[in-house]
Amino acid sequence: MARLAIQAEPTKFHHLLAILDNCGILQRIYSQNIDGLEAKVGFEIFSKEKNRRCILLHGNVATVQCKKCATPYMLENFLPLLQVGKPIDCPACVDRKSNAKALAKRAKAPGLLRPNILLFNEPCPMAYEIADISSSDANLVHNNHVLLISGTSLKIPGIKSILNCFTKAMSKRINCTTIYVDNAPQKPPILPPNTLHLQMDCQLFAELTTPRIKSHFSAKEARYILERRDFRPLWDWS
Ligand SMILES: [Zn+2]
């Protein structure tokens, strides 16, 4: 699976997200994907900074991380060892151990590397941090805010909490829109009644939307739009 993720290429939808970010109108991505493809269109997914633009809710299959110090690494660097079933010590912990030894201090055993993904029934180690980031994002919700949801049936409790946090904040503002892009005939009941359900594949949505955004932001008034940070749905742009 990790090998496939390493070889995979980002989709039109990933590129759309990168374009929205480059145009200055993307606040944050909350992704349930574990393929880490967001990194291939320029999003920082290794950062632990709170202001990182992309939050991988379920981790990244192309990476491993230390059980003790949580330092992340690219999985491909350790594939030969993993393939022979060898447990791998965390290089950062190993460095700390040798430094401690050199200073004649007590050296702690290094942590082992584990897949950097959320396993079935495992509690999310970032749950508090994600709740913190999503509630501060909800506080920044403004009039004309757009919440774009795609590729999820919104059944997982964590994603439901994030959604509730945003829809509550958006209900207190003017002209906010929730867009749900999915082939399903019905939208999930948790979505607000005024959600715009675009019953289509998200790649088609990206294909239709990308040229419009590009032409809009290359227009003469692009600077003005960026300055006023116009978040209305694209079809409302004059
Ligand atoms: Zn470590």
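These are legends for a set of close-up views of one predicted model.

**View 1**
Residues are numbered from 1 along each chain as its sequence is written. The protein chain carries 8 helices and 8 strands; both are DSSP runs numbered from the N terminus, with helices being H or I of at least four residues and strands being E of at least two. Along the principal axes, the C-alpha atoms fill a box of roughly 70 × 35 × 30 Å. Domain 1 covers 8-27 + 123-235, and domain 2 covers 63-117, with bounds that come from an automatic or database domain assignment. The centres of domain 1 and domain 2, taken over C-alpha atoms, are 37 Å apart.

Of the 238 residues, 21% count as buried. Here a residue is buried if 20 or more other C-beta atoms lie within 10 Å of its own, exposed if 12 or fewer, and partly exposed in between, with C-beta atoms placed from the backbone. Take the contacts between residues at least 6 apart in sequence: 66% of them join residues at least 24 apart. A contact means that the C-beta atoms of two residues, placed from the backbone, lie within 7 Å.

**View 1. The antiparallel sheet around β3.**
Three strands form an open sheet here, in the order β4-β3-β5, with antiparallel pairing. β4 and β5 stand at the edges with a single partner strand each, so one side of each is left without a neighbour in the sheet. On average, neighbouring strands of this sheet are turned by 45° against each other, direction ignored. Two strands count as paired if DSSP finds at least two bridges between them. In general, strands of a sheet pair through backbone hydrogen bonds, either parallel or antiparallel.

With β5 (residues 113-117), β3 pairs over 4 bridges.

Which residues are the partners of Q65? In β5, the bridge partner is R114, and in β4, Q65 stands opposite P72. β3 and β4 (residues 72-74) pair in the antiparallel sense over 3 bridges. The hairpin they make has 5 residues between the strands, and A70 takes a positive phi near 65° there.

**View 2. The parallel sheet of β6, β7 and β8.**
This open sheet has 3 strands in the order β6-β7-β8, and the pairing is parallel. β6 (146-150) and β8 are the edge strands, each pairing on one side only. The twist from one strand to the next averages 20°. β6 and β7 are joined by 5 bridges, and S150 sits opposite V181 in β7.

**View 3. Helix α2 against helix α7.**
α2 (residues 12-22) and α7 (residues 202-217) pack at an angle of about 35°, their axes 8 Å apart. Those axes are lines fitted to C-alpha atoms over the stretch in contact, and angles run from 0 to 180 degrees between N-to-C directions. The crossing is left-handed, meaning that the near helix is turned anticlockwise from the far one by less than a right angle. On the α2 side, the contact is made by K12, F13, H15, L16, I19 and L20, and α7 brings residues including A206, T210 and I213. The residues of this contact divide into 7 nonpolar, 4 polar and 3 charged. Ala, Val, Leu, Ile, Met, Phe, Trp, Tyr, Cys and Pro count as nonpolar, Asp, Glu, Lys and Arg as charged, and the others, Gly among them, as polar.

F205 is found in helix α7. Buried, exposed or in between: where does F205 fall? With 19 other C-beta atoms within 10 Å, F205 is partly exposed. Leaving aside neighbours within four places in sequence, F205 is in contact with V181, L198 and M200.

P189 lies in the loop between β7 (177-181) and β8 (196-198). P189 counts as exposed because it has 7 C-beta neighbours inside 10 Å. The C-alpha atoms of P189 and L154 are separated by 9.2 Å, although the two are 35 residues apart along the chain.

Methods: Predicted model: local features only at pLDDT ≥ 70, side-chain atom pairs only at ≥ 80, totals over all residues.
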